[in-house]
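Hi,

Here is the structure I promised to pass on. Have a look at it first, and then read my notes below.

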There are 2 protein chains.
Amino acid sequence: MIERPRGTRDLDPDEMETRRKIEQNLRDLSTSFGYREILTPTFEHTELFTKKSGPDIVNELYHFEDKGGRDIALRPEFTASVIRAYNEGMRELPKPLKLFYFGPSFRYERPQSGRYREFWQFGTELIGPDTARADAENIALAYNCVKNIRLDEFELRVSNLKILDQFLQENDIDIEKRQDIYHKIDKEELEEVSEEYSLGSKLLDFLNMELDEMSNILKDPEPVEYLKEVLDLLEYYGLDEKHLKVDIGTVRGLDYYKGVVFEIDADNLGAEKQILGGGDYNLGDIFGIDISSKGFAMGFDRSILALENEGKLPELDEMDCYIIPIGEESFEYSYEILRELRSKNVITDIDLMGRGVGKALGYADKNDFKYALLVGGNEVEDKSVTIKDMHSGDQKTIGKDEFVREVDEKWN
Amino acid sequence: MIERPRGTRDLDPDEMETRRKIEQNLRDLSTSFGYREILTPTFEHTELFTKKSGPDIVNELYHFEDKGGRDIALRPEFTASVIRAYNEGMRELPKPLKLFYFGPSFRYERPQSGRYREFWQFGTELIGPDTARADAENIALAYNCVKNIRLDEFELRVSNLKILDQFLQENDIDIEKRQDIYHKIDKEELEEVSEEYSLGSKLLDFLNMELDEMSNILKDPEPVEYLKEVLDLLEYYGLDEKHLKVDIGTVRGLDYYKGVVFEIDADNLGAEKQILGGGDYNLGDIFGIDISSKGFAMGFDRSILALENEGKLPELDEMDCYIIPIGEESFEYSYEILRELRSKNVITDIDLMGRGVGKALGYADKNDFKYALLVGGNEVEDKSVTIKDMHSGDQKTIGKDEFVREVDEKWN
């Protein structure tokens with residue numbers, strides 16, 4: 001028996017309806033922010049991803065040699081592809097250039113609960129401006145994405161990598177060691193890194209300070225002041241303080257981040273609770289140009305899991321009308337009703353199997369139709385339709401035009 | 001320089017907006033027909049596709065061994081995957097089961113104009129009923145898909161494979177040779193196949209007959225009568241006769257088709273003019289069960305090309321409002337306007353780079369904004385906003401609440 005590949009999913013009609021509603025929500029929101037959608041190929045030259053994330057990434061990639069001898073990989077994320085596409089064909093577009101994307105990404109890893117080998121990402125890139133206003137716009141959209149899909153229990157952690165950079169420099173630590181130290185902060189191996197770099201309790205103390213204290217301690221407090229400017233702007237955007245936490249220990253794991261960074265955790269997801277991450281980065285090195293960009297990526301599957309845990313999934317639509325023609329002589333008239341309703345975007349189906357009324361009503365019930373429309377000889381003669389309300393069981397006969405008008409007014 | 005892989009595309013914001021509008025159109029239409037969306041993984045076990053289409057298909061597949069030693073292929077189309085998913089997890093759903101899908105498929109072949117290695121398909125499956133009504137529903141949806149996206153010059157060719165099967169049987173030709181003969185009809189090698197099977201002019205004459213003539217000639221005219229029943233139903237569905245052609249030479253290339261089949265050609269596409277194909281098939285053999293299904297697949301990229309040739313691509317939306325704060329003291333108020341407009345789904349952006357008014361207006365113009373909103377000290381004081389109409393150049397100052405109300409009423 002041929003089954004679906006390990007670690008992948010078939011998304012059934014209920015799941016797809018839920019996902020499309022949440023996707024539409026994110027799409028409308030990003031559009032209202034002036035972002036526009038782009039799409040890159042599902043696969044890229046493997047080199048694009050190793051240049052972005054280092055050679056070890058190949059261990060997690062679906063990659064292979066194509067029939068032309070190219071080393072090709074299914075994308076593990078979109079950012080590298082978007083910047084590649086920008087460099088290849090969109091450099092002439094006016095800046096700021098605001099882009100969003102939505103689609104599947106792939107990684108070969110051990111499948112676990114909520115982690116799939118094909119998973120979906122929604123994300124954005126804001127290419128061009130290197131200002132506090134652009135950082136705030138980026139964070140405000142990320143916050144609103146989570147808020148707009150109706151997630152309630154989440155925390156947005158914000159930092160500026162340049163604050164820690166400044167702290168390390170002022171403590172005579174070679175900036176080249178930055179990633180090593182950040183990596184350990186990420187894993188909360190603070191004692192180990194403090195010992196290794198002879199920082200005593202300095203690092204831990206610094207991480208626990210308020211921004212004003214940091215400003216006082218640093219010889220050059222500019223990075224702290226920059227973050228404060230971003231936070232002031234976020235107040236103008238109406239971000240609710242209860243979701244917001246300044247956390248200088250939020251460092252993202254990757255070398256191309258350079259300034260303000262942030263992550264969003266969903267409280268109900270346990271150990272793997274991060275649903276969104278982003279910040280200020282520069283991937284220009286890969287292409288030999290300077291491309292400042294601010295963006296984020298949202299894990300679509302994990303966000304849906306968090307919503308589900310909060311009981312906040314959007315409701316599924318009911319089907320509207322199921323037409324049951326009784327006898328061949330009512331066919332033509334039944335199809336006339338079918339056409340009229342469908343032309344008004346009323347979800348309408350018709351018995352295709354010539355079932356008896358009882359069985360046909362059973363099908364309408366199992367498929368969540370609001371109304372069954374019974375159409376026999378009398379209805380043909382009167383140009384009427386007999387409507388059975390599938391919830392209440394009530395039944396009445398009314399003129400066809402009246403019914404179509406009613407439905408159109410009520411639902412459109 | 002790392003570029004996109006050969007034969008693939010980056011879809012820019014204008015292209016994506018066009019594509020999403022057409023996709024939404026197809027989605028709404030299929031939903032009104034009672035179809036619901038499903039999605040299968042981007043890759044499958046290669047065996048699924050070789051069992052469906054024969055071993056030669058691997059020459060056109062992107063396939064590879066994954067890290068677990070499985071032979072995996074990017075899907076070349078959706079039907080095999082949908083039936084696999086149905087068999088694996090949806091067999092209990094009530095029949096008829098009406099499904100649609102939309103997504104990318106992949107084939108390794110020489111890239112040509114309008115043919116890409118990653119291409120997009122929209123399609124449907126109607127699983128369960130084996131009736132003329134179901135065939136008609138399937139064809140009616142296919143027709144309306146093409147009609148609804150506003151393509152004007154197209155031809156829908158309809159046939160019933162059982163008519164030719166009957167003709168071959170009555171001419172003492174082994175039904176096992178069916179695919180060989182159909183393959184040649186497809187390629188219009190009619191003389192060759194007529195000679196090979198000693199049919200003289202019989203085959204060519206038969207293909208040119210009206211349905212009533214065929215009915216008279218065949219000993220068992222049932223397949224002709226069935227097709228006539230489907231055509232009568234299509235009249236009830238309101239299909240325009242000018243687009244419809246009965247063509248018994250429409251045979252589809254594949255063994256699993258068994259009854260009514262059809263194709264749609266876009267007149268303006270030249271040699272590669274087919275944009276949709278489908279019919280009545282049974283893929284149950286692969287899974288050892290009986291699954292009658294009627295469906296079609298529409299080439300999304302080629303359909304868009306046909307629309308473009310007819311000058312019928314949907315219009316792109318304009319951006320709505322671009323806010324230009326003049327001086328830091330107008331920031332807070334500017335962001336208040338930004339939030340209010342965005343919360344009403346008005347596409348609103350704000351200068352993120354601190355540009356002067358002239359440059360900022362230039363950006364608003366290049367990005368197709370309808371209005372630029374100038375916000376300086378006076379506007380902050382009066383709770384007003386100065387609006388520049390980017391088309392006419394007219395400028396006026398009105399109360400902020402009045403403007404928001406106006407915009408909300410006009411655009412929502």
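Glu88(B) is partly exposed, with a relative accessible area of 29% (buried means under 20%, exposed over 50%, partly exposed in between, with a 1.4 Å probe and protein chains only). Please keep in mind that this is a predicted model, where local features need pLDDT of at least 70, side-chain atom pairs count only at pLDDT 80 or more, and totals for chains, interfaces and linings use all residues. Residues are numbered from 1 along each chain as its sequence is written, chains are lettered from A and ligands numbered from 1 in the order in which they are written, and side-chain values use heavy atoms, without hydrogens and water.

The partner of Glu88(B) is Arg4(A): they form a salt bridge with the closest N and O atoms 3.3 Å apart (a side-chain nitrogen of Lys or Arg within 4 Å of a carboxyl oxygen of Asp or Glu). This pair joins two chains, because Glu88(B) lies in helix α3 (residues 79-89) of chain B and Arg4(A) in the segment before α1 (13-32) of chain A. Helices here are DSSP runs of H or I with at least four residues, strands are runs of E with at least two, and both are numbered from the N terminus. Arg4(A) is also partly exposed, at 32% relative accessibility.

Within chain B, Lys400(B) pairs with Asp401(B) at 3.4 Å between the closest N and O atoms. Lys400(B) is buried at 5%, whereas Asp401(B) is partly exposed at 48%.

As for chain A, it has 16 helices and 16 strands, and 58% of its 412 residues count as buried.

Best wishes
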